[in-house]
Amino acid sequence: MATNIRQFFFPAQAREAARLLAKLNSKAVVLAGGTRLTRALSPCVEAVVDISDLPLKRIKADKKWLRIGALCTIAELEKSPVLAKWARGVIAKTAGFGSNALARSMGTVGGNVVRAHPFNHLPPVFLALDAQAAYTDGRSEKTLPFADLLKPEVMRLFGVRVLLTEVRIPAETRSWAAAAQRLSATRTDWESVAHCVAAVDKKGGVCRKAAIALSAVLPRAARFEKAERSLAGQPCTEASAEAAAAEVVKSLAEFTQNSAAKAYACEVSGVLVRRALMEAFQP
Ligand SMILES: Cc1cc2nc3c(=O)[nH]c(=O)nc-3n(C[C@H](O)[C@H](O)[C@H](O)COP(=O)(O)OP(=O)(O)OC[C@H]3O[C@@H](n4cnc5c(N)ncnc54)[C@H](O)[C@@H]3O)c2cc1C
């Protein structure tokens, strides 16, 4: 831990925390669960804004949104009765991928997604469920599509200028059939070879809309729109799952410029996509 820290702040509201960040002008860091921060603290940091007591710990569903507070821990997602019933429990299942009990019980949703290391487990599930990120700059609350939060130029503002308050997932995704698959060397590895979430809105054995998100294989989690489009209006069969998986592998080959180092991860991604879709296609 660096030793240049001279001030600790314990704001009571998210807005107050964001105002402090603006006032401290990039010399402060936000502390949530602290599992990542302690590893990456720059010597330029002079103040810590500890947000761990802010009232951002609710998981709640209303008519429009499933709202997951930024300070919910990964373990809370895993055990939440609301999430157990949402999109076949895919968020809870993904939370359970967390490598160890300490990281799951201390690590928060906010810390997981605003410093979205390619191996972090939550970004692909939020991407696949069309999430929005709610944040405050100290003056007002705003939202942006979750995919935009993952852009480096946006992400670097979080925890420096603005504070993530909530991840919001559209209420309609509650009935989607979703599944998560990952391959890692061991069950306790944070790192995956590839990690996939597939979510399908289906009716009468036909796929109306599909979402496919992958992480680990690329520098940041991403959706695969060509593969998603290939599924729209198609029957929920092994053949359509295979066709979509082949589309994902094709896109990955382009994104990775056919890199030999990524060839295995790309192949594994195709297998995981097919498996996740087949799981989601089950009645
Ligand atoms: C040994 C070990 C194992 C791990 N295993 C896994 C794993 O299996 N899966 C996985 O996904 N991750 C894993 N992680 C990574 C990490 O623990 C998680 O991503 C965790 O969710 C981070 O949350 P935190 O609250 O601890 O973040 P912190 O360390 O408190 O903060 C991380 C960063 O995010 C910023 N931040 C936090 N909250 C907010 C907010 N609300 N608004 C704006 N900025 C914010 C902080 O300023 C800081 O820069 C592991 C980490 C370690 C050290």
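## The ligand shell

Strand S2 (28-31), helix H6 (101-106), helix H7 (109-114) and strand S8 (163-170) each supply at least two residues of the shell around the ligand. Helices (H or I, at least four residues) and strands (E, at least two) are DSSP runs, numbered from the N terminus. With four residues, H7 gives the most to this shell. The nearest of the 30 residues around the ligand are Gly33, Gly107, Gly110, Gly111 and Gly159; a residue is near if its C-beta atom, placed from the backbone, lies within 6 Å.

The shell has 14 nonpolar, 14 polar and two charged residues. Ala, Val, Leu, Ile, Met, Phe, Trp, Tyr, Cys and Pro count as nonpolar, Asp, Glu, Lys and Arg as charged, and the others, Gly among them, as polar. The ligand lies between domain 1 (7-50) and domain 2 (59-172), because both give residues to the shell. The domain bounds come from an automatic or database domain assignment.

## Basis of the model

The model is predicted: local features need pLDDT of at least 70, side-chain atom pairs count only at pLDDT 80 or more, and totals for chains, interfaces and linings use all residues. Residues are numbered from 1 along each chain as its sequence is written.

## Packing of H12 and H13

Helix H12 (residues 238-255) packs against helix H13 (residues 263-281) at an angle of about 150 degrees, and their axes are 8 Å apart. Axes are lines fitted to C-alpha atoms, for helices over the stretch in contact, and angles run from 0 to 180 degrees between N-to-C directions. H12 and H13 are therefore roughly antiparallel (angles over 145 degrees).

Methods: Angles under 35 degrees count as roughly parallel, over 145 as roughly antiparallel, 65 to 115 as roughly perpendicular and the rest as oblique.
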